[in-house]
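Student: I have a structure to work through. Can we go over it in questions and answers?

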Amino acid sequence: MAMRRAASAAVKAMAGSPSVISRQLHASPGPKKIVGVFYKANEYAKLNPNFLGCAENALGIREWLESQGHQYIVTDDKEGPNCELEKHIPDLHVLISTPFHPAYVTAERIKKAKNLQLLLTAGIGSDHIDLKAAAAAGLTVAEVTGSNTVSVAEDELMRILILTRNFVPAHHQAINGEWNVAAIAHRAYDLEGKTVGTVGAGRIGKLLLQRLKPFNCNMLYHDRLKMDPEIEKEIGAHFEEDLDAMLGKCDIIVINTPLTEKTKGMFNKDKIAKLKKGVLIVNNARGAIMDTQAVTDACSSGHIAGYSGDVWYPQPAPKDHPWRYMPNQAMTPHISGTTIDGQIRYAAGTKDMLDKYFKGEDFPAQNYIVKEGKIASQYL
């Protein structure tokens with residue numbers, strides 16, 4: 001029932017684009033050129049047969065694609081005018097990428113890609129694509145909705161606990177042969193009784209709130225859509241229509257909103273100034289939702305007492321990215337949604353959508369980000 005409601009909502013939520021060049025929604029006859037962009041795993045590629053999200057294992061679909069006569073090119077080289085991806089842009093039909101090693105699909109690349117019909121995200125989050133340009137060109141953009149919801153929500157809960165308990169510096173003491181309990185205990189707290197607010201309460205945000213319920217937190221959420229009253233009551237979360245009002249109440253803030261034109265740079269200096277002094281922030285959504293320097297300054301001043309996440313802008317993050325060096329951070333590379341379990345799910349979902357594309361069948365409605373010139377409302 002929940003999946004049917006989600007599918008129905010996704011269909012209703014599609015918003016129109018004024019000028020669309022017609023391209024075929026499904027595969028035209030004949031073999032297709034499919035390009036996948038994934039990170040290299042090198043020596044780690046052979047350590048787990050289910051490590052599917054790397055360039056070497058390429059979602060585990062090479063044999064299947066090639067047995068049907070399709071060409072499957074896989075690379076990790078995606079930046080600059082002379083990169084491997086750029087060489088294939090003019091004649092590829094399908095481009096597959098992931099949020100963990102995104103191939104940025106600009107309007108310029110879309111213009112060059114005369115044969116391109118389908119852009120697939122193996123995972124969740126298609127903000128590496130210029131969606132307006134894709135819609136105007138009549139392209140289909142889709143992702144494996146729900147494939148890493150559990151993975152990301154569990155990771156967020158872990159980060160909340162890591163920050164609340166001041167775990168990272170304590171772990172560093174163990175590594176460095178130190179023993180200074182006072183240096184950790186003066187800013188370590190229980191999670192119970194704290195006010196946790198999620199900015200965005202879609203699949204991941206909702207699951208996080210469910211996971212938080214046993215900790216007896218005061219749970220708030222802000223979203224463009226209010227939960228069904230029964231679900232809201234079951235979780236025990238309270239809807240906050242005014243985002244700024246919610247932020248001022250929170251001891252811990254979790255970002256679970258997509259990156260859009262409206263949310264890009266949302267947490268700037270002025271927004272951060274409205275937060276409680278000593279707030280903890282977890283962001284596994286997108287790095288560009290935060291103003292990089294504003295977060296760095298607030299962590300340095302102590303206004304933000306701890307910041308953790310696995311998303312940066314750009315990705316991969318350069319060595320001189322200031323978040324690597326700011327105090328009280330628990331940052332990681334973009335890993336939360338790419339557990340082995342998550343990889344199995346998004347690899348299977350990608351294969352299923354390719355199979356439907358070849359057969360001329362529609363994808364699950366909730367997987368569409370752009371369809372027939374219309375962009376899903378969560379990206380507007």
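Student: How much space lies in the second largest pocket?

Tutor: This is a predicted model, where local features need pLDDT of at least 70, side-chain atom pairs count only at pLDDT 80 or more, and totals for chains, interfaces and linings use all residues. Residues are numbered from 1 along each chain as its sequence is written, and side-chain values use heavy atoms, without hydrogens and water. On a 1 Å grid over the protein atoms alone, a pocket is an open set of points with protein on both sides within 12 Å along at least five of seven lines. Points are joined across faces, edges and corners, a volume is the space filled by probe spheres set on them, and for the second largest pocket that space is about 650 Å³.

Student: Which residues are closest to the centre of that second largest pocket?

Tutor: Lining residues have an atom within 4 Å of a point. The second largest pocket has 27 of them. The closest to its centre are D127, H128, I129, D130 and L259.

Student: How does the lining of the second largest pocket divide by class?

Tutor: Ala, Val, Leu, Ile, Met, Phe, Trp, Tyr, Cys and Pro count as nonpolar, Asp, Glu, Lys and Arg as charged, and the others, Gly among them, as polar. The lining divides into 13 nonpolar, seven polar and seven charged residues.

Student: Which residues line the largest cavity?

Tutor: A cavity is a set of points where a 1.4 Å probe fits but cannot get out. The count comes to one cavity of 30 Å³ or more, and the largest holds about 40 Å³ of space. By class, its lining has seven nonpolar, no polar and one charged residues. The names are I89, L92, L95, V105, R109, I110, A113 and L116.

Student: What is the order of the strands in the open sheet?

Tutor: Strands (E, at least two residues) and helices (H or I, at least four) are DSSP runs, numbered from the N terminus. Two strands pair if DSSP finds at least two bridges between them. Seven strands pair in parallel here, in the order β9-β8-β7-β10-β11-β12-β13.

Student: Why is one side of β9 and of β13 left without a neighbour in the sheet?

Tutor: β9 (237-239) and β13 stand at the edges.

Student: Which residue in β11 is the bridge partner of I253?

Tutor: β7 and β10 pair over four bridges, and G197 has I253 as its partner in β10. β10 and β11 also pair in the parallel sense, over four bridges. There, the partner of I253 is I281.

Student: How many residues of β7 are buried?

Tutor: Buried means under 20% relative accessible area, exposed over 50%, and partly exposed in between (1.4 Å probe, protein chains only). T195, G197 and V199 on one side of β7 and V196 and T198 on the other are all buried. So β7 is mostly covered, and its buried residues number five of five.

Student: Is K319 buried or exposed?

Tutor: K319 is found in the loop between β12 (304-309) and β13 (329-331). Its relative accessibility is 73%, so K319 counts as exposed.

Student: Which residues does K319 touch, not counting those up to four places away in sequence?

Tutor: Contact means heavy atoms within 4.5 Å. With residues up to four places away left out, K319 touches R324 and Y325.
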